[in-house]
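Here is a short briefing on one protein chain. Keep the sequence and the 3D view side by side as you read.

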Amino acid sequence: MSGFSKLWVQWQRWVWTGAIALLLVLGWANPAMASLTDDHYDGDIFPLYAGNGYLVPPKVTLAQAFQRTNYPTVLSFYVDDSSDCKQFSAVLSTVEAYYGKVVDILPIRVDSLPVKDQYDSTEPGYYYSGQVPQTIIFDKDNTILFNEVGNIPYERMDDVLREVFDLLPREESVELKRRVVNEINTELVK
């Protein structure tokens, strides 16, 4: 086989390999179609839509949260394939941003609840009403202060938590602002 023939065969292999790879990528690969407004499963909603994969799985169980007497608890039931839950995940992430160090936040995927006839009051299934998203806020003594279903605005949850911590109402307090992580201090740069 001459040198030209060898090059011709190599070139054909390269063309065919490239053509097949292109067909695989363009023809059979579906683009990611995640959407905040549909009821399709796109993956875990907290890292995907709330930008906060830190919330799941919860760091403590409900029983452990109830034993921590100086911490209120936010219990939230959700499913990954609900547009309401996808939208609410950002609200729960905002609660975590402001209160995460002083509140136990437990997002519970409804699919993970064991099927039982009866639940103990230290199990999340005891409080689940059958609808999502459902959010329950317990005070430091584990008394229910807030139990609502639906896409609840952050301000409603903030009002309840302000009462728990004996903080000023939002209208009377200074708005808290988070510092930008990549902020440049122009006072030091001359």
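Which pattern does the protein chain follow, read along the sequence? The pattern is α-α-α-β-α-β-β-β-α. That gives five helices and four strands. Keep in mind that this is a predicted model.

**The whole chain**
- The protein chain has 190 residues, and 33% of them count as buried.
- Take the contacts with a separation of 6 or more: 66% of them come from residues 24 or more positions apart.

**A charged patch**
- On the surface, D39, D81, D84 and D111 form a patch of negative charge.
- D84 sits in helix α4, which covers residues 83-99.
- D84 counts as partly exposed because its relative accessibility is 37%.

- Most peptide bonds are trans, and most residues other than glycine have a negative phi.
- V56 and P57 are joined by a cis peptide bond, with omega about -10 degrees.
- P57 lies in the loop between α2 (45-50) and α3 (62-67).
- A cis peptide bond also links V132 and P133, with omega about -10 degrees.
- P133 belongs to the loop between β2 (104-109) and β3 (134-138).
- N142 is not a glycine, yet its phi is positive, at about 70 degrees.
- N142 is in the loop between β3 and β4 (144-149), and it is partly exposed at 25% relative accessibility.
- D166 also has a positive phi, near 55 degrees.
- D166 falls in the segment after α5 (154-164), and it counts as exposed because its relative accessibility is 69%.

Definitions and conventions. Residues numbered from 1 in each chain as written. Predicted model: local features only at pLDDT ≥ 70, side-chain atom pairs only at ≥ 80, totals over all residues. Heavy atoms only, no water. Patch = residues over 30% accessible without salt bridge, like charges linked within 9 Å, V, L, I, M, F, W, Y side chains within 5 Å. Areas by Shrake-Rupley, 256 points an atom, 1.4 Å probe, with all protein chains shown as cover. Salt bridge = Lys/Arg side-chain N within 4 Å of Asp/Glu carboxyl O. Lys, Arg positive; Asp, Glu negative; His and termini not counted. Charge placed at Lys NZ, Arg CZ, Asp CG, Glu CD. Helix = DSSP H or I, 4+ residues; strand = E, 2+ residues; numbered from the N terminus. Buried < 20%, exposed > 50% of the residue type's maximum accessible area, 1.4 Å probe, protein only. Contact = heavy atoms within 4.5 Å.
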